[in-house]
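The sequence and the model come first.

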Amino acid sequence: MSKIFTAAWIGLFWFSICKAQDANRPTFFLQGDTTILSHYVDYGLSQSNNDPSLQGSFFFNLGPQFRLGVWGSSVGYPSSDTHVWMKGVADIRIPFTENVEWTIRYWDNHYFKSNGHDGNTIGFDLKLSSWVVIYEIHSNFLGYGVSADYAALGKTIEFSQYLKWYNQFGMVQFVNSTYGNYFDIKTLFNYQSGRLIYQLGSAFNSNAGQFSGGAVFLWAGVGVKF
């Protein structure tokens, strides 16, 4: 299955490179954000050991399509002295039409103090109006020491210019691992007021027992863009 997905994404990648030649004249700018979460949950799994988390990112946009940057978060895991997760991020966004765009992502993941969690992620996002199709290849899935593929379908509902509701259903497929595959569901409300963004979310993991964690999570957060 992963080989079929990979072949399809590679085909779209080459098409997007050709399409990129028609892009608008580049513009260059910096952007960043800082967020405080009551609990950091990703892929249906706790990343902060049920504690609050502080996150931040900083990006340099090399035109309307390319950007480079860093993302960081405080994390916590049972029986581990790892406290920080840092990503080097690079992505290219290719718009095909006003409502269709294609994004290719690369993450270079580093955990401190334990480098046993380190790995990289290649991601592909195909946005179709308010829908998004996601496919990711993880060399070390969230530091569990195994590779995995992740596929998801997301939908954004806009109640207004400021209030949005995002829902996502995803599936994790481990490669040559004793871990069992599982699906996760995430729902997230975002409300923006000026530069401030408030969020309220929940997530579910279908096979939480193998990770010694909960199956259902709730969190709230507030962030600022600059």
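The charged end of Lys 87 lies over the ring of Trp 71, at 4.5 Å from the ring centre. That charged end also sits over the ring of Trp 107, 3.5 Å from its centre. The model is a predicted one.

**Cores.** The largest nonpolar core counts 30 residues. Tyr 43, Trp 85, Phe 141, Leu 142, Val 172, Phe 174 and Tyr 182 have the most contacts inside it. At least two residues of this core come from each of strands S6 (84-95), S7 (100-112), S9 (131-138), S10 (148-158), S11 (163-174), S12 (182-193) and S14 (216-225). A second core is separate and has eight residues, including Ile 92, Trp 102, Phe 124 and Tyr 135.

What does Tyr 43 touch, leaving aside its neighbours within four places in sequence? Its contacts are Trp 107, Glu 136, His 138, Phe 141, Leu 142, Tyr 150, Tyr 182 and Asp 184.

**Aromatic pairs.** The whole structure holds 20 aromatic pairs. Two of them are set out here.

| Pair | Centre distance | Plane angle | Class |
|---|---|---|---|
| Tyr 144 and Tyr 179 | 5.6 Å | 75 degrees | edge-to-face |
| Phe 174 and Tyr 182 | 6.4 Å | 40 degrees | tilted |

Tyr 144 is in the loop between S9 and S10, and Tyr 179 is in the loop between S11 and S12, so their pair ties together parts 35 residues apart in sequence. Tyr 144 is partly exposed, at 28% relative accessible area. Tyr 179 is partly exposed too, at 23%. Phe 174 is buried, with 8%. Tyr 182 is buried as well, with 1%. One aromatic cluster takes in Tyr 43, Phe 141, Tyr 144, Tyr 150, Phe 174, Tyr 179, Tyr 182 and Phe 211.

**Asp 125.** The side chains of Asp 125 and Arg 105 are joined by a polar contact of 2.8 Å. Neighbours within four places in sequence aside, Asp 125 is in contact with Glu 101, Trp 102, Thr 103, Arg 105, Val 132, Val 133 and Ile 134. Among these, Trp 102 belongs to the second core.

**Ser 129.** This residue is in the loop between S8 and S9. Ser 129 is partly exposed, at 41% relative accessibility. Ser 129 and Lys 155 are 26 residues apart in sequence, and their C-alpha atoms are 9.1 Å apart in space.

Terms used:
Residues numbered from 1 in each chain as written. Predicted model: local features only at pLDDT ≥ 70, side-chain atom pairs only at ≥ 80, totals over all residues. Heavy atoms only, no water. Core = buried A, V, L, I, M, F, W, Y, C linked by side-chain atoms within 4.5 Å. Buried < 20%, exposed > 50% of the residue type's maximum accessible area, 1.4 Å probe, protein only. Helix = DSSP H or I, 4+ residues; strand = E, 2+ residues; numbered from the N terminus. Contact = heavy atoms within 4.5 Å. Polar contact = N/O pair within 3.5 Å; in protein donor to acceptor, adjacent residues only side chain to side chain. Phe/Tyr/Trp six-rings, centres within 6.5 Å; stacked < 30°, edge-to-face > 60°. Lys NZ or Arg CZ within 6 Å of the ring centre and 35° of its normal.
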